[in-house]
Amino acid sequence: TCKRQVSQTLNFFNQVLPSPYPRQIRSYYVDWRMLRDVKRRKVVYEHADERLRINAIRKNSILPKELQEMADKEIAALPRDSCPARIRNRCVLTSRPRGVKRRWRLSRIVFRHFADHAQVSGVQRAMW
Amino acid sequence: STSSVLSTDKDKSPASKDDATEGASKRQEDGAETPKQKLLDIIGDMKVEVSYRKKLQLKASEHKNQAMNKLEDVDSEGSVPQGTTEDIQRGKPLNPELVKAASAVASSLPLNKKQTESELLAQLRRHEETTDKQKKGETINIRNIISEMTVKRQSPAQRGARISGHISLEFNEDGQRIRPERWSSQSFDSRSLKVRKRLNIFTKASTEPEHALKTVSSPSIWDLEFAKEIAAITAQPPRNGFEEMIQWTKEGILWEFPIDNEVGMEDDAEFHEHIFLEKHLEGFPKEGPIRHFMELVICGLSKNPYLSVKQKVEHIDWFQKYFEEKKELLQEI
């Protein structure tokens, strides 16, 4: 977080000056687990089509079983991070693995903080 | 100092008008003292410059006269001490005018910058004509150069940029200020380099490396840097929320309203290309489990509205390659 603050202050300097007017840039991830999650997402994106096709061969009853066994071996040979089950929907701001609402990609604490300051659109405290 | 000035004029170096006028004023004072030969030579030098300036001031496009002048100048340049009869004849009626003109210039030097500039231009024009021997339609080229020079001096964009760039508030990555000098020198270079005719302000030795530099860097680096700097200077921070939203829209952060659901999706294919995919099944055997499997695949793809035709065709091609690779193993079964 201190690194983020440093980068933010530097960006603030740039913001004060008239040109070239950049915006606040997040140059560091919150922690290493978030970084690993990002890497996994990239690898999943790369191998997504392959996995889909090989699974289509595996998960049907028409093709011969030998072919399906070969497809099993092939999918096992792909990199481990290409599996989408390894992705964890972490909070975007705090990298909290649990209590994350999907729509906002935020953990419950951060969501509550922003909602109370009226910074989440269309969200109001419930009262009935 | 006077002797040095005289010597420089004698050498016919491309001295600035200021030096010439100072020399002229000094000569006026010392005219009686210095020998007549020296005076005549100096006046001959002066005469050449003033004659050109006068013609350009008149703007009488007398090509013959200019041609004559060119020839005479070439001759005079070539043979300084000799001085042809034509030169002397031309010089003599102009001498008092020369003196008057020189005095006027000297008096006007500290006051009007534009006049000094025009005289400098005259000087430069003369130099250019004498150095370049292939000439056609002199007046037009001169006028172009003059117009370019004046436009350059008076360009508001450059002035505004200069003013804004005087105190550069840009910071490098290291936290050091970007100097405005570099930018201004770059702008001058780009402008003067784009003009094909050389003004010969500098000696030939210095112009050659400029030429080489220009040929190397003209496609990219300095022009890019200059463009970047201009863009950076002109890109001011938004004054209100509307401008901020405009900037976000340009960058792509904000969608364009009213929201178009098909932004980025450029599917030019018709519905029949999505649904009737059997034509892609030509590489497969007509009977057997593979065909059965592929027909199911096609059925699924035809019902998929989220993929483009290209992606669907890629799927089918991948399957074709996969089954071809496994053909040998399949035949064993």
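**Salt bridges and other labels**

Reply: Happy to! Searching the whole structure gives ten salt bridges over all chains. Please keep in mind that this is a predicted model.

Me: What makes Arg33(A) and Asp31(A) a salt bridge?

Reply: The closest N and O atoms of Arg33(A) and Asp31(A) are 3.5 Å apart. The cut-off is a Lys or Arg side-chain nitrogen within 4 Å of a carboxyl oxygen of Asp or Glu, so the pair qualifies.

Me: Why is Arg33(A) called partly exposed?

Reply: Its relative accessible area is 45%. Buried means under 20% and exposed means over 50%, so a value in between is called partly exposed.

Me: How do you know that Asp81(A) forms a salt bridge with Arg40(A), and which parts of the chain does the pair tie together?

Reply: For Asp81(A) and Arg40(A), the closest N and O atoms are 3.5 Å apart, and the limit is 4 Å. Asp81(A) sits in the loop between H3 and strand S1 (100-101) of chain A, while Arg40(A) belongs to helix H2 of chain A, so the bridge ties together parts that are 41 residues apart in sequence. There is also a network of salt bridges here, linking Arg40(A), Asp81(A) and Arg86(A).

Me: Are those two partners, Asp81(A) and Arg40(A), buried or partly exposed?

Reply: One of each. Asp81(A) has 26% relative accessibility and counts as partly exposed. Arg40(A) has a relative accessible area of 17%; buried means under 20%, so Arg40(A) is buried.

Me: What makes Lys228(B) and Glu225(B) a salt bridge, and how are they placed in their helix?

Reply: Their side chains meet at 3.9 Å, N to O, and the limit is 4 Å, so the pair counts. Lys228(B) and Glu225(B) are three residues apart in helix H11 (residues 221-234) of chain B, which means that about one helical turn separates them. Lys228(B) counts as exposed, at 53% relative accessibility, and Glu225(B) as partly exposed, at 29%.

Me: Now the patches. Why can Glu314(B) be part of the negative surface patch?

Reply: The patch is formed by Asp49(A), Glu50(A), Glu314(B) and Asp317(B). Members need over 30% relative accessible area and no salt bridge, and like charges are joined within 9 Å. Glu314(B) has a relative accessible area of 46%, so it clears the area cut-off. Its place is in helix H15 of chain B. Helix H2 (32-58) of chain A and helix H15 (309-325) of chain B each supply at least two residues of the negative patch.

Me: Which residues have the most contacts inside the largest nonpolar core?

Reply: They are Ile57(A), Phe284(B), Phe293(B), Met294(B), Phe319(B) and Phe323(B), in a core of 23 residues. H2 and helix H3 (65-77) of chain A, together with helix H14 (289-302) and H15 of chain B, each supply at least two residues of this core. H14(B) gives the most, with six residues. In soluble globular proteins, nonpolar side chains tend to be buried together.

How values were computed. Residues numbered from 1 in each chain as written. Chains lettered and ligands numbered in written order. Predicted model: local features only at pLDDT ≥ 70, side-chain atom pairs only at ≥ 80, totals over all residues. Heavy atoms only, no water. Patch = residues over 30% accessible without salt bridge, like charges linked within 9 Å, V, L, I, M, F, W, Y side chains within 5 Å. Areas by Shrake-Rupley, 256 points an atom, 1.4 Å probe, with all protein chains shown as cover. Lys, Arg positive; Asp, Glu negative; His and termini not counted. Charge placed at Lys NZ, Arg CZ, Asp CG, Glu CD. Helix = DSSP H or I, 4+ residues; strand = E, 2+ residues; numbered from the N terminus. Buried < 20%, exposed > 50% of the residue type's maximum accessible area, 1.4 Å probe, protein only. Core = buried A, V, L, I, M, F, W, Y, C linked by side-chain atoms within 4.5 Å.
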